[in-house]
Amino acid sequence: RGRPVASGPMITNVSLVSIWVTDHDAAKDFYTDILGFEVGDDMTFGPDFRWLTVFHPDHPEVHLHLTTPGPPLPDELAAAMRRAQAEGGLPGVGLTVDDCRKTYEELLAKGVEFIQEPADRPYGVEALMRDNSGNWIVLVEAKPYTEADFADFDPS
């Protein structure tokens with residue numbers, strides 16, 4: 001896409017994405033038992049900080065850091081994050097799926113809350129769910145597209 005080639009040390013990939021959760025153990029269960037992720041690291045440092053990551057078995061290079069609002073965040077920021085979590089609208093992650101409608105049915109049967117059923121979009125089939133901490137997770141069955149495919153697209 002015409003990106004310049006730089007010399008010297010370069011970023012090679014995304015390796016860690018933080019997801020705000022309300023409870024470490026419940027989030028770990030959701031991401032492993034419901035979504036099929038595996039535990040990466042699970043370590044506790046002192047009484048107030050737990051480092052917990054999960055990863056998809058097909059992509060062990062990308063970890064989701066499941067973290068609760070608390071230290072080392074300042075108290076005021078942690079409280080604001082907890083308020084945002086309670087509203088249930090924090091963005092989470094986007095996940096690629098082979099068959100969005102089938103994945104939707106499987107996760108619905110496991111009790112997952114969906115905000116949006118699978119719908120055709122210019123870029124594929126998309127569904128929107130929440131994890132057990134209220135984070136939005138987008139499921140996308142991607143298809144090839146061009147800018148012209150978006151001519152009549154209304155994202156609202």
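These are my notebook entries on a predicted model of one protein chain.

**Ground rules**

I number residues from 1 along each chain as its sequence is written, and I work with heavy atoms for side-chain values, leaving out hydrogens and water. Since the model is predicted, local features need pLDDT of at least 70 and side-chain atom pairs count only at pLDDT 80 or more, while totals for chains, interfaces and linings use all residues.

**Overall layout**

I looked up the secondary structure first. The chain has three helices and eight strands (DSSP runs numbered from the N terminus, H or I of at least four residues for helices, E of at least two for strands). I read their order along the sequence as β-α-β-β-β-α-β-α-β-β-β. For the extent, I noted that the C-alpha atoms fill a box of roughly 55 × 50 × 30 Å along the principal axes. Next I checked burial: of the 156 residues, 35% count as buried. Buried means under 20% relative accessible area, exposed means over 50%, and partly exposed lies in between, with a 1.4 Å probe and protein chains only. The areas come from the Shrake-Rupley method, again with a 1.4 Å probe, and for residues only the protein chains shown count as cover.

**Salt bridges**

How many salt bridges does the count come to? I get six, taking a salt bridge as a side-chain nitrogen of Lys or Arg within 4 Å of a carboxyl oxygen of Asp or Glu.

I started with Lys28 and Asp42, whose side chains meet at 3.1 Å, N to O. This pair links distant parts of the chain, with Lys28 in helix H1 (residues 24-34) and Asp42 in strand E2 (residues 38-45), 14 residues apart. Asp42 also forms a salt bridge with Arg50, at 2.8 Å, N to O. I find Asp42 partly exposed at 32% relative accessible area, whereas Arg50 counts as buried at 16%. Asp25, Lys28, Asp42 and Arg50 are linked in a network of salt bridges.

Then I turned to Asp120 and Arg101, which form a salt bridge at 3.4 Å, N to O. Asp120 lies in strand E6 and Arg101 in helix H3, so the pair ties together parts that are 19 residues apart in sequence. Arg101 is partly exposed at 38%; Asp120 is exposed, with a relative accessible area of 57%. Strand E6 spans residues 113-121. I also checked Asp120 against Leu66: they are 54 residues apart along the chain, and their C-alpha atoms are separated by 30 Å.

Which residues of H3 are buried? I list Cys100, Thr103, Tyr104 and Leu107. They lie on the same side of H3, because they cover an arc of only 105° around the axis (the arc is that of the directions from the helix axis to the C-beta atoms). On the face turned away from this buried side I find the exposed residues Lys102 and Ala109.

Asp99 sits in the loop between strand E5 (91-96) and helix H3 (100-109). I note it as partly exposed at 35%. Asp99 belongs to a surface patch of negative charge, together with Asp98, Glu105, Glu106 and Glu117. A patch takes residues with over 30% relative accessible area and no salt bridge; like charges are joined within 9 Å, and nonpolar side chains (Val, Leu, Ile, Met, Phe, Trp, Tyr) within 5 Å. Asp and Glu count as negative and Lys and Arg as positive, with His and the chain ends not counted. I place each charge at NZ of Lys, CZ of Arg, CG of Asp or CD of Glu.

**Prolines**

I looked at the loop between strand E4 (59-67) and helix H2 (75-87), which holds Pro69. Pro69 is buried, with a relative accessible area of 9%. Its C-alpha lies 7.4 Å from that of Ala79, ten residues apart in sequence.

Pro72 has its place in the loop between E4 and H2. Which two residues does a cis peptide bond join? They are Pro71 and Pro72, with omega about 15°. For context, most peptide bonds are trans.

Pro60 is partly exposed at 45%. Pro60 and Phe37 are 23 residues apart in sequence and 9.6 Å apart in space, C-alpha to C-alpha.
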